[in-house]
Amino acid sequence: MGQDESRMVDDDTPPKTLDSRSLESLAKYIKDGRAKRIVVMTGAGISTSAGIPDFRSPDTGLYANLQRLNLPYAEAVFDIDYFRKNPDPFYALAQELYPGSYRPTITHSFIKLLHDKGLLLKLFTQNIDCLEREAGVPDDKIIEAHGSFAKQSCIECKYPYPKDQMQQAIKDKSVPRCLNSECNGLVKPEIVFFGEQLPESFFRNRFLPEDSDLCIVMGTSLSVQPFASLPQACGESTPRLLINSEQVGSLGSRADDVLLLEDCDAGVRKLAEACGWLEELENTWSETAPGQPRIEKKKVEEPKKTRDEKLAEEVDKLTEEVEKSLKLHQEQHEWLANHVDNKFARIQENEETTPSVNALHTGSGSTSKSSSGGLQHVFPWIEKKPTL
Ligand code: OAD
């Protein structure tokens, strides 16, 4: 890295990429089109305003509120070795951990907006609440580094366990056992416990930050490895933005790090405003409100034009260009005439071979699961609250 990643960089160290270490410079970098491959890294802090506690906040975090489980240490509830010996505390808590009908926060919608703008390279999340999907970020853009409740299996032989039976076990606070009678191992949801491997998708994509041109870290204490090392994989001169209530990890140690030490929702609103996207962001978020039909972004349909109209438009455009260039001499005029002819030929060729733009757009929204069924594709047993 060529730098001690544990030390904050001096304020007067000049950045290598940004004009200055400020939100405004970062917004300019984005607006200038220099951030086209953004990686986002998130943790529980982006969901606290939805009503889901994080893990390590001193009074409100989950780990500060587990006394009733009589654990040797709070994180034992997610420790695979402890679970093997004593699975009861996890199942006593599992009901509370299950995602409910929470609304994504505006921070989740900000990630969706980056995707809509074609700027999101990948989202790495430690969260198991699935609110990123619920906000409309497509599955193929999300790496759930700490797994999810979507599947469950035996911790010994990996034999899958039916969802409806898991639901019942969680409801009853009972510990399910492997359905393979020769095994009889303990079963748990496929959320990653301490001592377990992260999903293969994490390892396959963990070097993506090297290719990014902006990294945004939000709502995480960066205290769990290997996730915590992801921001260090970014290039030395790649700007990194931290939006979090406290300074974490190595963020702040590089000359192009920008720190917004505040509430995530307030931070993304500021960034969106500086980029001129605030209204769009609020609109994107409003689509997640209860009762709103999930609307995939639709391109505004233009009235259909006839071939002649299109040709006439092209001619007008080119004529305008010609008129602007009064000093064109004869040779250039000839080139222009040829160019117009070629353009006409290309338009005609395209008309014959390309499906209509409207037809292509019609299919584009169907890849996002959240557009149709909310979280029910992940938690089919969870009935969505009636819309308000
Ligand atoms: P943590 O609880 O460790 O960290 C949350 C971070 O978000 C803290 O730095 C908070 O100060 C900050 N924060 C909370 N609410 C915020 C808000 N509204 N705005 C801004 N900042 C806010 O949660 P994670 O980093 O996600 O793993 O925890 C990482 C992993 O530890 C979890 O995935 C889980 C846990 O043990 C496993 O269970 C394997």
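This is a predicted model: local features need pLDDT of at least 70, side-chain atom pairs count only at pLDDT 80 or more; totals for chains, interfaces and linings use all residues.
Reader: Is Leu222 buried or exposed?
Author: Buried means under 20% relative accessible area. Leu222 has a relative accessible area of 9%, so it falls under that cut-off and counts as buried.

Reader: Which peptide bond is cis, and what is its omega near?
Author: Stay in the loop between E6 and E7, where Pro226 has its place. The cis bond is the one from Gln225 to Pro226, with omega near 5°.

Reader: What about Asn184, where is it found and what is its phi near?
Author: Asn184 is found in the loop between H6 and E5. Here too the residue is not a glycine, and phi is positive. Phi of Asn184 is near 60°.

Reader: How does Asn184 count in terms of relative accessibility?
Author: The cut-offs are under 20% for buried and over 50% for exposed, with partly exposed in between. Asn184 has 41% relative accessibility, so it counts as partly exposed.

Reader: Which residues does Tyr159 touch, not counting residues up to four places away in sequence?
Author: Tyr159 lies in the loop between E4 and H6. At 42% relative accessibility, Tyr159 counts as partly exposed. With residues up to four places away set aside, Tyr159 touches Ser153, Cys154, Cys178, Leu179 and Asn180.

Reader: How far apart in space are Tyr159 and Asn180, C-alpha to C-alpha?
Author: Asn180 is among the residues that Tyr159 touches. In sequence the two are 21 residues apart. In space, C-alpha to C-alpha, the value is 7.2 Å.

Reader: What separates the C-alpha atoms of Leu26 and Leu271?
Author: Leu26 lies in helix H1, residues 23–31, and along the chain Leu271 is 245 residues away from Leu26. Still, Leu271 is one of the contacts of Leu26, along with Leu18, Leu214, Pro239 and Leu241, once neighbours within four places are left aside. The C-alpha atoms of Leu26 and Leu271 are separated by 8.5 Å.

Reader: Is Leu26 buried or exposed?
Author: The cut-off for buried is under 20% relative accessible area. Leu26 has 0% relative accessibility, so it counts as buried.

Reader: Which elements do the buried residues of H3 pack against?
Author: H3 runs over residues 88–97, and its buried residues are Pro89, Phe90, Tyr91, Leu93, Ala94 and Leu97. In an α-helix, residues three or four places apart point the same way, because there are 3.6 residues a turn. The partners of the buried residues of H3 are H2, strand E4 (147–154), helix H6 (163–172) and strand E5 (187–191).

Reader: What is Ser47 in contact with, leaving aside its neighbours within four places in sequence?
Author: Ser47 has its place in the loop between strand E1 (38–42) and helix H2 (80–85). With a relative accessible area of 1%, Ser47 is buried. Its contacts beyond those neighbours are Ile52, Thr105, His108, Asn127, Asp129 and Leu131.

Reader: On to the ligand: which residues come nearest?
Author: There are 23 residues around the ligand. Those that come nearest are Arg56, Tyr63, Thr220, Ser221 and Glu246.

Reader: How do the residues lining the largest cavity divide?
Author: A search of the whole structure finds one cavity of 30 Å³ or more, and about 40 Å³ of space lies in it. Its lining is made up of Thr17, Leu18, Asp19, Ser25, Lys28, Tyr29, Asp32 and Arg34. By class, that lining divides into two nonpolar, two polar and four charged.

Key
Residues are numbered from 1 along each chain as its sequence is written. Side-chain values use heavy atoms; hydrogens and water are left out. On a 1 Å grid over the protein atoms alone, a cavity is a set of points where a 1.4 Å probe fits but cannot get out, and a pocket is an open set with protein on both sides within 12 Å along at least five of seven lines; lining residues have an atom within 4 Å of a point. Grid points are joined across faces, edges and corners, and a volume is the space filled by probe spheres set on the points. Ala, Val, Leu, Ile, Met, Phe, Trp, Tyr, Cys and Pro count as nonpolar, Asp, Glu, Lys and Arg as charged, and the others, Gly among them, as polar. Helices (H or I, at least four residues) and strands (E, at least two) are DSSP runs, numbered from the N terminus. Buried means under 20% relative accessible area, exposed over 50%, partly exposed in between (1.4 Å probe, protein chains only). Contact means heavy atoms within 4.5 Å. A residue is near a molecule or strand if one of its heavy atoms lies within 4 Å of it.
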